[in-house]
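User: Could you take me through a couple of the strands in this one?

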Amino acid sequence: MASEEAKETLKVVEKEKKKIKPEEKSVDPATIQMLYKAQQDGVETIFDRAETMKPCNIGIQGTCCKMCAQGPCRLPLTKKDMEGKDTRMGLCGATPETIAARNFARMIAAGAAAHSDHGRGVAEVFLAASRKESEDYKIKDENKLKEIAGDFGVSTTVLVDGEEKDRDIYDIAVEVGEKILGEWGKQEGEIYYAKRAPKARYELWKKLDVIPRGIDREIVEIMHRTHMGVDQDYENLMKQGSRAALADGWAGSMMATDMQDVLFGTPYPIHGEINLGVLKKDHVNIIVHGHEPLLSEMIVVASQDPEMLQYAATKGAKGIVLAGMCCTANEILVRHGMPIAGNYLQQELALITGAVDAMVVDVQCIMENLANIAQCYHTKLITTNTRCKIASGDTIHIQFDEHHALEDAKRIVKTAIDNFPNRKAEVLIPKEKEMMVVGFSYEAINYHLGGTFRGSYTPLNDNIINGRIRGIGGVVGCNNARTMHDSAHLIVVKELLKNDVIVLTTGCNAMACGKAGLLTPEAARIYCGPGLAEVCETVGIPPVLHMGSCVDNSRILMAATEVVKAGGLGNDISDLPAAGCAPEWMSEKAISIGQYFVASGVYTLFGVNLQVEGSPVFKDYLFNGMEKVFGGKWDLVEDPYEMARKMIAHIDAKRKALGIDKARERVLMDMADRQKLEAA
Ligand code: NFS
Ligand code: SF4
């Protein structure tokens, strides 16, 4: 009996020992509070599993190959012959370089596929709307449609009796939509948007023979080349990796962004709120989670429908809160100012509030454990996309179809309302929520920094040239349960601001910044160096510009291109005093994004790990060799302070190469003089 008791005590001790310390897991108070609630409710989250399950020590180095059934071949950490030559190889003889490059290329393929297949879904809806087959979607931004029509060689006018007249907007849309949809299946030639890049970049790509032919083709070719016994040259593998990544950034993602703008409106600065505190105890709470705005746009409409609001009232609710999670959130935030409940690592925690009546998901970054947590509370987890169903738990599937989109959306909202009276656990909603100003499409930046009646990037360039703004930092990407939630994001961003580097952001980094109060014009005075603060305060913008979701990283490519075109800062993206990073990345999409930035000429730093340590030769190619090819390269820096320092050093080197390093010194001297005067 005693020994049984001892065993029980031991079990308790074991459990206690494994208990995570929430303060060590996140810098976000709302997250910390919900992790305590999870412990109290006996609910396990990703934060717990990250503690107990460690990554495989071979896989993490990128040198585990399971491309055929003779493996998995797990290469030892070292094995050298008498001359010190690396003799590690898989059964077939695959070297560490080949294995690591194949794994890396496959991550690009998966990431590019995810973004681009999202784009394809948008293209289908875009065409349905253009052909007036769907009543619920309309062409909203006609100007943007006319602009992109030019890229596809589609005329916006027609000749009527020898006279040039404006063409019907829906006729233009059909022709543009067909051209766009054709980009996936194209076998020959070049993707249309390659020519959007600065001329020098386009010509470099042409010389290197990396301009994507069609999106699907480049992704399929990676899968072919990485099959057992095909491409065994890491540089050649990465050439294809670059093609597929460019097909993502400059086609799949970029077209997704553009079509979404045409259908739902191009984002312009708008207010929003973020963090779990946006949920309301006495309201029906619906969270839309995932990536595509197609359905969530309709849920926005359905949740504001008077009929739905009345129905909610009959169930005793004071109203309906619709909040977003992950990039779906960014999409409806930048266009409608809808609130965001949180970023990637907060998805389970939203359910732990006990206040979420339905979580509606589409695709990507959706944790399967949501199904288990939903069962612990009362939440209905609803999948909506044929590509993403969840077998676990009581997940229900309500198929979303663009031909009766609003009807589907209403059904979903109704399901949530019906579930409102079923709340069972104690409801605890953190009070944290922050205000933010978001929606800086590259068109909006043009307008805001341009200032005059006709916007341009010239004033931004002038401020970079005169040194008030030291350079541009793109800080993007995920959360990763292997690192402290939001911590690296915020350190990097704050270090950049302090050093007068303006920050462009998307994805989960944007949300981390929002929660920390960095997306407000007032943040300029608090966090920025004097030069950047002056510019932001004059124009009235936040020092961190929220540009949207992860497919909207294409907006950063366009902003960089506009900066090049405005003149005075070299003639290619690789000349700009700019750098990009993803301090807490985890998704394969991030690798595709990283590679298209590198291939576009950007110095790109990732945190956490890159799974290439097992192949020093391949790693050196990514971190050094690629710069000779593309003028951009990869880097891995775990320490966020060091990451910011390296970005700034790169920016300064580019300033020097442009001959504008002296200007900055003058500005800083002026600034010091002024401060002295003010102090006197
Ligand atoms: Ni981007 Fe957005 Fe977040 Fe990462 Fe996932 S939500 S598409 S992949 S985790 S930033
Ligand atoms: Fe091993 Fe070669 Fe098969 Fe990979 S492809 S699992 S290295 S035998």
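What follows is a short exchange about strands and their pairing.

Analyst: Gladly, and please keep in mind throughout that this is a predicted model.

User: What is the strand order in the open sheet of 6 strands?

Analyst: The order is E15-E14-E13-E16-E17-E18, and the pairing in this open sheet is parallel. Strand E15 (544-546) and strand E18 (634-636) stand at the edges with a single partner strand each, so one side of each has no neighbour in the sheet. From one strand to the next, the twist averages 25 degrees.

User: How many bridges join E13 to E16?

Analyst: Strand E13 (residues 471-475) and strand E16 (residues 578-582) run parallel and are joined by 4 bridges, and Ile 472 stands opposite Ala 578 in E16.

User: Which way do its residues point?

Analyst: Val 284, Ile 286 and Val 288 point one way from E6, whereas Asn 285, Ile 287 and His 289 point the other way, and all of them are buried. In general, side chains of a regular strand alternate between the two faces of the sheet.

User: And which residues are the bridge partners of Ile 287?

Analyst: In E7 the bridge partner is Ala 323, and in E9 the bridge partner of Ile 287 is Met 359. E6 runs parallel to strand E7 (residues 320-325), with 6 bridges joining them, and parallel to strand E9 (residues 358-361), with 4 bridges.

How values were computed: Residues numbered from 1 in each chain as written. Chains lettered and ligands numbered in written order. Predicted model: local features only at pLDDT ≥ 70, side-chain atom pairs only at ≥ 80, totals over all residues. Heavy atoms only, no water. Pairing = 2+ DSSP bridges. Helix = DSSP H or I, 4+ residues; strand = E, 2+ residues; numbered from the N terminus. Axes fitted to C-alpha atoms, helices over the stretch in contact; angles between N-to-C directions. Buried < 20%, exposed > 50% of the residue type's maximum accessible area, 1.4 Å probe, protein only.
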